[in-house]
Every structure is written in structure tokens, then in C-alpha cells.
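Open the viewer and keep the selection panel at hand. The tour goes from one chain to the interface, one selection at a time.

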Amino acid sequence: MNWDWDKLQEKRQRQQGGTPPPRQQNDTEPEDEGQDRQPPRAKRAPFNGRGGGSENPFKKLSQLRFPNGKGFLFVGLGVVALWLLSGIYIINPDEEGVVLRFGKYDRTEGPGPHYAWPAPIESVYKPQVTQVLRSEVGFRSVGQSATFQQGQVRTVSEEASMLTGDENIVNVQFSVQYKIGDPVQYLFNVSAPTALVRNAAEAAMREVIGNSQIDSAITDGKLKIQSEATQLLQTILDRYGAGIHVLAVQLQDVHPPQEVIDAFKDVASAREDKSRIINEAEAYRNELLPKARGQSAAMLNEAESYHALRVRNAEGETARFDALSAEHSKAPKVTEQRLYYEAMEEILANAEEKVLMDGPAASRALPYLTLPGLSAPAAPKVLEKK
Amino acid sequence: MRNNPLLIIVILLVVVVAGSQCFFTVHQTQTALVLQLGEPLNKAYGPGLHFKMPFIQNVVYFDSRVLDYEARSREAFTVDKKAIVLDNYARWKIINPLQFYRTMRTIPGAQARLDDVVYSQLRALVGAYTLTEVVSSHRAAIMKEVTNKVSALMHGYGVEVLDVRIKRTDLPSENQRAIFGRMRAERERQAKQYRSEGEEESTRLRSDADRQRAVILAEAAREAQITRGVGDAKAASIYAQSYNKAPQFYAYQRWLEAMRKSLKENSKMVLANEAPLLNPQH
């Protein structure tokens, strides 16, 4: 009995492989019947026992939950719908959308939601057109990079060392800020745009420095150098059709090379010294002249006072004399005598030694003068002779 | 067929594979050549979707963008026998992929060729100018001429050279030392000049100040003398005016004063009896 049922099931299985799906419904019923009549172990055997024939795994595949015609259509449509939906994309406000169709540029889209045929038909690039990119030449920011200028800086001396127009060497550190000007050009015209900007920037700056003198480069020519470099760089990039817009070339630092920087600093010191020395001399002058003027005023005043003194004295003395003379003229002899006696009185009172002699005795006396010695001053003598 | 969904899948797969052999896309950044049995067709394909015959024809792609080439630093000599280390780069693109394929085939190959051509042209041109001209005045002109020459030479390879630019024009390290020495000497000279100018000005100011001072004082002395002289004269005139009115009395009075002044203490006197002082009656 088992053998019969097995064979019947086998036949029916084979039929199942070739019959359309609806028939399966019918086929399962006898299987269930078979299940009722046969032990579970034996029942399973026909399903698992097949090893021979390549069509069996395919049949298994086609049996395994494979929907009917309509279901297949739904699934297929679902897949297609998903694929079509994948074509929706959104452009952010700082981006632009560049759409290629079969690899060829088709159109540019602005911000917002858009639709494009999904890959492989169309592909969308979304370059950030407002982002400011930065390239550094002659140095590298360590730590805070890309946006902020402060922070540590490491010099790259081979990049920074440049030759000037007057055959001097100078170290230049600068940065370039740029952004995407034309997204189509930027994406498709040039390979390696970052390297391009750096190379072109270095070449442009070296050309501008090569046309400058070292003194102006270090001091007041920086603005001119920056603007010339910016223009030149933009010209170069435009020639390649790079679609890059140069915002600014900024000189971070321009200084003479390390080996000669002391000599440069000394020049500044020398200028300071010159000012200082001149100031000292002026201070000397400013101190000296007022003093001299003061002295001269003093001298003049002294002379004035001498003048006044002399005149006043003269006036006083002569007034005195005039008064006396007036009196004298009224009684000349008496006045003269009086004056004489007054004077003699005074004189003789002062004299230390007085000798009175008779006239004839005086004439007989030997005039013997003791000169006490050359060191002592000789006392004045008066000899009255008749 | 309808009954076997498996078959539909298989058919779809076949269609897809066949499609991939019949169509090909060229990206915006590329151009393509179609090779038929190894030989390129005489047509370059731009970006977009194109058709080809399956299996017999296959596609070779070329980058149509501006490509870069960087040379290593090399020495060249200027007309005034100065050595200069040049560092340059070039930008080029493939304009004729057919020719390019026939002659160069690959980009590294093209770069090697470019290297030779650029270096020889640059060296020749640099050798025609002086150092200053190469670095500054004629730099742009040299670069332009090199670009033109190199582009003309590379034209046969289907390549257009857009730009050859000199990046670095540096001097070899021995010359650098010499340059540093010169720069130092130049600065020292300047420093000395400033300092001596300062000294000069300082000395001038100081001596001028001294001179002015001497003049002021001398002027004052002169004025003072004059004033004194005037004072003396005036006094003398006053005296004379007064004494002239009674000259004899003045003489007498003056004699008495002189006696008073000169015969002071410690005088010794010898007087005769007949002296008028001792004999008032006469």
C-alpha cells in the first residue's frame, strides 16, 4: 500500500512541476490525505529525497512562495517604482545640482527638491558653491586649520623662500581663499583642482615677488603685491577654464630669511639711534640757549645798574659840592681855613708818630730815614719846607 | 513562457547583458575611442550615450580634462653664467584622442615625453637671458614662449599644452650663501649710514648751539660795556659841569680829601714849627 501511494505522489509531483500554480491548490489536498494515512517521517521523504535531476532545485525555487502571475507583476512594478523614486534628490541652499544624462552634462538645478532619472540614466553632482576653500603656501596651520587664522604655524621654508627682483631672498607666507565659481567647469574641466590652485598660486606669487624690490615687499608694498597676485592667479585659472573664483590672496608674513634678519633689525635700530642722537642734540641746544640769554640779560642789567649808580653818585656828589661851593663863595677865606683845620685835625689825630721841630733845627737835621726793611711797607712822611 | 517566471528573469538578464555590449556612456570628463578588433575607428566620442557593435568593438576612455604635470627641480644656466634652480609645472589636455592613442597610449607616457620637451625648451630659453630678466622682467615672456614652443612640439601627439609656468627660480645653495652675505653687507651699510647721518646732524646742532650762545654773550658784553661807558661819560660830564663853576675851590677841596684818605693810621709825620697848622696867625 505504501509503495502504491508513493508512486502516485511521485507522479503527481512531476505533474505539479509542469502545471500552472492554481493547480497546486488541488494538489495539496491529496498530499494532506497522504499525510493522514502515512507516518510523518515517510511523508517528508518525497520532498527531501530528491537528489537527481537539475530541474528539481529550480522546481523547488519556483515552488517556494513564488506568487502567481499577478503577484509577480506587482512585485516587478514595486521594484520599478522604488527605482524610479530613487531619482528624487534635494539641493541644499549652499549647493548647486549638476545633472549628467548618460555621462553628458544636461542641466544645472538650484536649491530645493528635484527629480532626475535614476542611475544609470542620470547622475547628480552636488558641489558646495558657497563654501570658501583655503590653500596655504609657505606654511601650514597646525591645529585649528582651514578656517581660523590664529593658532600655531609651521613654516615650510622651501615653499616660502622667494627671489626678488633685486636678487634678494625673502620668505613669503600667504594663503589663498577661493570658491567654486562655475560648478560645471569646476567639476569637469580640470583634474585635481586643489593641487592646481596651490601650484598656480605659488607660481603667481613668485612672479609678483620677482617683480618687486625687497624693501617694498617687507614694508609698504604688501597691498600691491596681494592685489597683483590675486589678479594674476585669477587670470591663470581662467585660462584653464577651472571655474574657480579667487576671493583673496593674503600675505600672512613677509620677512627676510633667518640668516640675515639680524642685519635687517640692525637697520631699524640704526634709524632709532639716529633719531635719538638728533633729539639729544636738540635737547642740548634747547637747554643752552635760554641759559645764555639769561646770562646776557644779567650782564646788561649789571651794566645798567652801574650806569645808574655812577650817574646818581655824580649827581649826589656834585650837588653836595655845589652847596658847599655856594657857601664858600660867600665867605671864601674863612671857609677854606675851617676846612683845612678840620682836615688836619683828623689827619694828625690818626698819625701814629708825630715829630715837631723848629724850622732852623729842621734844616740842620740830617734827613735820616730808617728804612725798616724791604719787606715792610715804608710809612708815608711829610716834610714841610718853607 | 508566461507560465514560467524564471524564464522571464533569464530573458531580462540576457537583454541587460546584450544592452551593455551595445551601448556605452562617456562621462563629461572623458572622451572615448572605439576599437574594432584592436584598431581604433576614426571617430572620437564625446560625453553621452552611444551605440556600438557588441563584442567585436570595445571602448577605450581618455580623460578630457586639463591634466597636470609637475617637473622636479633642475638647474639651468643664464646667459650671465649664473646657475638657477627651476621648478616648473605644466597643464595640458588631450585634444585628439586618436592621435594620442596611436602615439602615446597612456598618460604617464605623455608625461615623460612632456618632461623632456619642457626641460629642453626651458633650458634653451633661460640660457638666452640674464638672471634678473629670468626672475622678473622677462619671466612672463619666457613662460609664454616656452608654452608656445612646447605646445607646437607636442601637437603631433594630439596634445595641447595650455600653460608652462615657472614656479621656483631659486639659486643653488652656494649662491644662496653669497646672497645672504651680500644682503647682510647691504644692510650694514645702511645702518652705518643712518648712524653717521645722526652724528652729523647732532654735531651740527650742538656746534650751532654753542655758536649762538657765544654770540649772545658777546653781544651782551658789548652792550654792557657801552652802557657802562655811557654811564661814566655822563657822570664825568656832571662832575665837570659842577666843578667847572669853581675850579680852584674844587682843587682845594679835593686836595683835602686826598690828604684825608692817604694819611690814615700808622702814618709818621715830621712837622716844622713854622707850619701853618702850628701857626695860625697868618
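How many helices and strands does chain B have? Select chain B and colour by secondary structure: there are seven helices and 10 strands. Keep in mind that this is a predicted model.

Stay on chain B and colour by burial. Of its 282 residues, 40% are buried. Now display contacts within chain B. Among those with a separation of 6 or more, 65% join residues 24 or more positions apart. Chain B exposes about 15300 Å², and 56% of that comes from carbon and sulfur atoms.

Next, bring in chain A and select the interface. Here 115 residues of chain A contact 103 residues of chain B. Together the two chains bury about 10500 Å², with carbon and sulfur atoms accounting for 63% of this area. Pick out E167(A), Y240(A) and F321(A). These supply 6% of the area chain A buries against chain B, more than any other three residues.

Now look for charge pairs. The interface of chain A and chain B holds 14 salt bridges. For one of them, zoom to R310(A) and D232(B): their side chains meet at 2.8 Å, N to O.

Which helix gives chain A the largest share of the side that touches chain B? Select residues 261-330 of chain A: this is helix α11, and it contributes 41 residues.

Last, colour that whole side of chain A by residue type. Its residues split into 58 nonpolar, 36 charged and 21 polar.

Conventions: Residues numbered from 1 in each chain as written. Chains lettered and ligands numbered in written order. Predicted model: local features only at pLDDT ≥ 70, side-chain atom pairs only at ≥ 80, totals over all residues. Heavy atoms only, no water. Contact = heavy atoms within 4.5 Å. Buried area = accessible area lost by both parts, 1.4 Å probe. Salt bridge = Lys/Arg side-chain N within 4 Å of Asp/Glu carboxyl O. Helix = DSSP H or I, 4+ residues; strand = E, 2+ residues; numbered from the N terminus. Nonpolar A, V, L, I, M, F, W, Y, C, P; charged D, E, K, R; others polar. Buried < 20%, exposed > 50% of the residue type's maximum accessible area, 1.4 Å probe, protein only. Areas by Shrake-Rupley, 256 points an atom, 1.4 Å probe, with all protein chains shown as cover.
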